Amino acid sequence: MRTGKASESPDEGIDDCSPPSTHSSHHRHQRRNQQYQQQRRHAATDMLHQPAQKEEEDDNNDISLAESLAFTLKASVSAETCTHLAVQLLSHVPPDMLKAAIQRLDLLLRRDFIGMLPLEISTRILEFVPTMDIVRNAMLVSRKWHAATIQPCLWRKIFHRQGWGIDKERWTLYCSLPSGLTPTRALLDGSMMQVSKAISGSGSTVAESSNRFPTTTGLAVPVEIPGSRIPAAVIRQTMLTDEDRSLLQESLMLDTRTSPRQGLTLSPCLQNQRSRMAFHGGSSSDKKQITRPRATNINWRKMYGEYHQLLDNWRGGRCRVDRWESAHAESIYTLQFDKHNRLFTGSRDCTVKLWHLSETGSQITPLATLRGHTGSVLTLQADGNTLVSGSSDGRVCVWDTDTYTIAYRLEHPDSVLSLRFNSTWLATACKDRVVRVWRRSGGYSDTFELRGHTVAINAVHLHGNTLVSASGDRTIKVWNLVTRSCVMTLEDHARGVACLDFDGSVIVSGSSDRSIRVWDAATGVCQRVIPNAHSDLVRTVMVNRRMDILVSGSYDESIKIWSLSTGALIHKIKNVHTSRVFKLMFDRSRIVSCSHDRSVSIIDFATELPHARLLL
């Protein structure tokens, strides 16, 4: 039996004299170094932040002290005294400190209110800034300013502030068309498709005129434009000349193989989709692009830019002149075009022709030839579905343009030199020195005469119940059609008055004395005289006050553009006609004129502006 301590483990209490592990010692040393480096970084960071924290604390203390001092001064003394004290204090500050103080004060005074305010309010403020300042300066300030200056609502306000407008009816038509298709092409294509339906459905279409006049057969196909009843094409085979028919075959792709019974037959190529796409200027591979719908939102900023460029083109005379020779067989005395690109011309060949103007102005397409006069067609006017023409045969024909038949015929004892109508009245100027007026309601049965001129009346113009007449007796008379009396007589021309224009406020007259005069319609005062405006008789004038433009045409073969407000010559357009200019008309983007040389000319100021035709 053993006694004493229990035996211990052989390893317990033994001193291990072997050397330590090299791997564990390296890790301990690495950890100590990392801890040391981290402590040094924290110490350095604390040293760097202590001055900044101290400076911030000092700034806060200074701000609190300044606020307390400002509050005390504001409560105890006046603002003027505060200002005086501040100036006195700054005057004793060293220059370098004063410069730093001024820089800080400048930052306080510069507050970007456009960037701080909501976008809607910023845009509303910018509406009162001149447009050129917005374009040249405001857009470049910052991103926030730029975002505010490109808002559509801002540019819509700027656009309308100029007195400009957009033809909403035409815009609706434009947006409804496939991409790459213009309104004019759509109208022509729409007419062809409806012609196709008419022929394929019934085999023939016949439109007969009133029994009072010779019957004419042909094809009358109305194509509706949104908000109106204006046909795009009316083709009468018995009325078309060989020249008309050849042009129609080229522009409308009509088959030459027609029979009297069937009227006009469409070419088989129109039956397939590829040919219709080729008509629009595309190919079968462009199908997706052509059928892509247009954007319906108006880009007001782009519209403003195009309008501004259009006005610059007018002022600078940047235009393209397109001319169509032999539009009629004889001299063309009168014309009119409308916003639907319908062009009416009247000629010495006793006909009225209807054309379609292309959107680009590079082509006019004949649509119909109307024969109802036995003398030269000297004057005409069209509005909606009514066309009125006057002739040297002493007749005025009132046409229905839905069917292009004569609805009324009004007889005169001599040549009808001019006519105008509105929703209430139709007025005609006759060579027998009498102005005749018809009330349009009731079938032109109510009529009366206005006498006072001593020589043939060359021109009349209507606005509301006011009529203005110009005569070879050198006078212009203003008439009230309700009282049937002459209100005033304007006498200033040295020779007979050949033409006039009247917009309700301003009367513009041209004379064989080669001058143009601008009159105040309310007072009869001659506001402006352009002496020697042309080197021969001034035959036609037209004015647009919103554009501040006056355009005149003369027997000297020239067309001139004038500033209405100053009377200064803006531009003389050369090489438009080779003979006397008889009539012109213009809108925002182009001038259309006719001449003794049998041609129609279009002076286009919007060749590079795709939306110019939509502008009012």
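A contact is counted where heavy atoms lie within 4.5 Å, and on this basis residues 24 or more positions apart account for 50% of the contacts in the protein with a separation of 6 or more. The structure is a predicted model, in which local features need a pLDDT of at least 70 and side-chain atom pairs count only at pLDDT 80 or more, whereas totals for chains, interfaces and linings use all residues. Residues are numbered from 1 along each chain as its sequence is written, and side-chain values use heavy atoms, with hydrogens and water left out.

The protein contains 14 helices and 30 strands, these being DSSP runs numbered from the N terminus (helices H or I, at least four residues; strands E, at least two). Of its 616 residues, 46% are buried, where buried denotes under 20% relative accessible area, exposed over 50%, and partly exposed in between (1.4 Å probe, protein chains only). The protein exposes about 32,700 Å², of which carbon and sulfur atoms supply 51%; accessible areas come from the Shrake-Rupley method with a 1.4 Å probe, and for residues only the protein chains shown count as cover.

Helix H8, which spans residues 152-161, has Leu154, Trp155, Ile158 and Phe159 as its buried residues. Seen down the axis of H8, these buried residues fall within an arc of 135°, so they line one face of the helix, the arc being that of the directions from the helix axis to the C-beta atoms. The cover over the buried residues of H8 includes helix H5 (119-126), helix H6 (131-136), helix H7 (143-149) and helix H14 (300-316). After H8 comes Gly163, which has a positive phi, near 85°.

An open sheet is formed by 4 strands in the order E4-E5-E6-E7, with antiparallel pairing, two strands being taken to pair if DSSP finds at least two bridges between them. Strand E4 (332-337) and strand E7 (364-371) are the edge strands, each pairing on one side only. On average, neighbouring strands of this sheet are turned by 20° against each other, direction ignored, with axes taken as lines fitted to C-alpha atoms (for helices over the stretch in contact) and angles running from 0 to 180 degrees between N-to-C directions. Within the sheet, strand E5 (residues 342-347) and strand E6 (residues 351-357) run antiparallel and are joined by 5 bridges, and Leu343 stands opposite Trp355 in E6.

Ser512 lies in the loop between strand E21 (506-511) and strand E22 (516-520). Ser512 is buried, with a relative accessible area of 17%, and touches Arg495, Gly496 and Leu537, residues up to four places away in sequence not being counted.
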